[in-house]
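Here is a friendly walk through this structure for someone meeting it for the first time. Please keep the sequence and the 3D view open as you read.

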Amino acid sequence: MTYFVYIAAALAEIAGCFSFWAWWRLEKSPLWLLPGLVSLALFAFLLSLVDTNAAGRAYAAYGGIYIAASLGWLWLVESVRPDRWDLAGAALCVAGASVILLAPRA
């Protein structure tokens, strides 16, 4: 379940950040900022649902999932296909996040 929460949080964060990117860099209407702010608030809420005893650990593991989701956004929304180096890096990050998430802890 944690992976699904992380994926949803990543999509919310990326969408929220992209709204600022679109407003600032793509010269879209400032109205793009409103759903972006809601999306960023949703991101923070979703990340708080992760079942862990330490926020820093939740954030650290989330980083790997975020990287992979960002490359998905790159491909699906921005129509730029990730190259083999992008994919290799994302695989390493997800593996690292999985070590953090799945490690046996007392």
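1. **How to read the model.** This is a predicted model, in which local features need pLDDT of at least 70 and side-chain atom pairs count only at pLDDT 80 or more, while totals for chains, interfaces and linings use all residues. Residues are numbered from 1 along each chain as its sequence is written, and side-chain values use heavy atoms, with hydrogens and water left out.

2. **The overall fold.** The chain has 4 helices and 0 strands, in the order α-α-α-α along the sequence. Helices (H or I, at least four residues) and strands (E, at least two) are DSSP runs, numbered from the N terminus. The C-alpha trace spans about 50 × 35 × 20 Å along its principal axes. Of the 106 residues in the chain, 28% are buried; buried means under 20% relative accessible area, exposed over 50%, and partly exposed in between, with a 1.4 Å probe and protein chains only.

3. **Contacts across the sequence.** Contact here means heavy atoms within 4.5 Å. Taking contacts between residues at least 6 apart in sequence, 64% join residues at least 24 apart.

4. **The pair α1 and α2.** Start with helix α1 (residues 2-25) and helix α2 (residues 33-48), whose axes come within 8 Å and cross at roughly 155°. Axes are lines fitted to C-alpha atoms, for helices over the stretch in contact, and angles run from 0 to 180 degrees between N-to-C directions. The two helices α1 and α2 are therefore roughly antiparallel to each other. On this scale, angles under 35 degrees count as roughly parallel, over 145 as roughly antiparallel, 65 to 115 as roughly perpendicular and the rest as oblique.

5. **Handedness and make-up of that contact.** The crossing of α1 and α2 is left-handed, a term used if the near helix is turned anticlockwise from the far one by less than a right angle (right-handed if clockwise). Among the residues making the contact are Val 5, Tyr 6, Ala 9, Phe 20 and Trp 23 of α1, and Leu 33, Leu 40, Phe 43 and Leu 47 of α2. By class, the α1 and α2 contact divides into 16 nonpolar, 4 polar and 1 charged. Ala, Val, Leu, Ile, Met, Phe, Trp, Tyr, Cys and Pro count as nonpolar, Asp, Glu, Lys and Arg as charged, and the others, Gly among them, as polar.

6. **The pair α3 and α4.** Helices α3 and α4 pack at an angle of about 155°, with their axes 8 Å apart. That makes α3 roughly antiparallel to α4, and their crossing is left-handed. The contact includes Ala 60, Ile 65 and Leu 71 of α3, together with Leu 87, Val 94 and Ile 100 of α4. It has 13 nonpolar, 1 polar and 2 charged residues.

7. **The nonpolar core.** Which residues have the most contacts inside the largest nonpolar core? They are Tyr 6, Ala 9, Phe 43, Leu 47, Val 50 and Tyr 62, in a core of 19 residues. A nonpolar core is a set of buried Ala, Val, Leu, Ile, Met, Phe, Trp, Tyr and Cys residues joined through side-chain atoms within 4.5 Å. The elements giving two or more residues to this core are α1, α2 and α3 (55-76), and the largest share, 8 residues, comes from α1.

8. Ala 9 lies in helix α1 and counts as buried, at 0% relative accessibility. Leaving aside neighbours within four places in sequence, Ala 9 is in contact with Phe 43, Leu 46, Leu 47 and Tyr 62. With residues up to four places away not counted, Leu 47 touches Tyr 6, Ala 9, Tyr 59 and Tyr 62.

9. **A buried serine.** Ser 98 sits in helix α4 (residues 84-102). Is Ser 98 buried or exposed? Ser 98 counts as buried because its relative accessibility is 18%. Apart from neighbours within four places in sequence, Ser 98 is in contact with Tyr 3 and Ala 103.

10. **Two loop residues to look at.** Most residues other than glycine have a negative phi. Glu 27, in the loop between α1 and α2, has a positive phi near 55° and is exposed, with a relative accessible area of 72%. Ser 79, in the loop between α3 and α4, has a positive phi near 60° and is exposed, with a relative accessible area of 62%.
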